[in-house]
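Subject: Structure handover

Hello,

Here is the structure I promised you. Please open it first, then read my notes below.

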Amino acid sequence: MALADLNQAGLEAMKDSIKNVKVYVEQVDITDAKACEEFVANVAKEFGRIDVLCNNAGTGMDLLTFPEEVFRKHADLMMYAPIRLMNLCIPHFKVNGWGSIVTMASMFGKKPGGLLSYDAIKAADIMISKDYSNYCAPFNVNVNSVCPGPVATPLWYEKGQLGDQLAAVTGKSVEESIKWFAETNIPMQRFAEPEEIANAAVYLASVPGHYITGTALNVDGGTVKTIV
């Protein structure tokens with residue numbers, strides 16, 4: 001397993017938490033094309049092959065509150081970087097005769113209501129995955145996206161993050177505000193646990209899930225109301 005992130009301390013902590021599996025970590029800015037090339041080459045050298053790519057990066061800012069160059073930076077992170085990494089990994093998959101790509105999109109790629117740059121780019125990620133699925137199918141490579149709803153992570157619970165913002169609106173505590181939000185907006189009335197999102201990605205990247213391709217899988221507790 002290979003992990004890339006800007007947060008070196010987080011990478012090391014994640015590495016230490018994973019048992020009985022070889023783990024390679026590297027601090028990488030995925031908006032830097034050369035850094036991506038070096039990372040993929042290092043992973044191939046370290047393991048001898050590359051079988052799965054999981055794109056998992058996200059950020060966003062409020063509607064009409066940020067300059068165009070910030071939107072472009074978000075697109076570099078969440079759209080161009082996944083394309084770049086897919087293009088770097090696909091040659092390895094062709095050599096293997098097998099491969100899998102999973103991109104973390106969002107329920108907000110299917111419905112409005114999140115942050116402008118995030119919603120628009122995650123919608124693009126879903127389409128990009130669909131197009132790549134058609135291109136890669138002849139090489140025995142499946143390509144899918146996962147569309148999570150709200151997930152119980154530090155993004156909601158850490159100081160200054162979404163939970164605090166919601167609490168400021170509701171006048172309740174962070175925990176009460178998140179409970180209210182879940183019960184009001186999510187049919188299953190709770191946030192997902194991180195493992196539930198990871199399990200969906202693992203299945204799509206597995207041999208049993210390999211015939212699934214071009215799918216944008218909702219893992220949202222029923223929040224998205226459309227049938228596609």
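A residue is called buried under 20% relative accessible area, exposed over 50%, and partly exposed in between (1.4 Å probe, protein chains only). By that rule, Glu196 is partly exposed, at 30% relative accessibility.

Some ground rules. This is a predicted model, where local features need pLDDT of at least 70, side-chain atom pairs count only at pLDDT 80 or more, and totals for chains, interfaces and linings use all residues. Residues are numbered from 1 along each chain as its sequence is written, and side-chain values use heavy atoms, with hydrogens and water left out.

Now the salt bridges. The term means a side-chain nitrogen of Lys or Arg within 4 Å of a carboxyl oxygen of Asp or Glu. The whole structure holds six of them. Here are some.

Start with Glu196. Its partner is Arg190, with 2.8 Å between the closest N and O atoms. Arg190 is partly exposed too, at 39%.

Next, Lys34 and Glu38. Their side chains form a salt bridge at 2.3 Å, N to O. Both residues sit in helix α2 (residues 33-47), four residues apart, which is about one turn of the helix. Helices here are DSSP runs (H or I, at least four residues), numbered from the N terminus. Lys34 is exposed, at 52%. Glu38 is partly exposed, at 39%.

Last, Arg49 and Asp51. The closest N and O atoms of this salt bridge are 2.7 Å apart. Which class does Asp51 fall in, buried, partly exposed or exposed? Asp51 counts as partly exposed, because its relative accessibility is 27%. Arg49 is partly exposed at 39%.

Best wishes

Terms used
Helix = DSSP H or I, 4+ residues; strand = E, 2+ residues; numbered from the N terminus.
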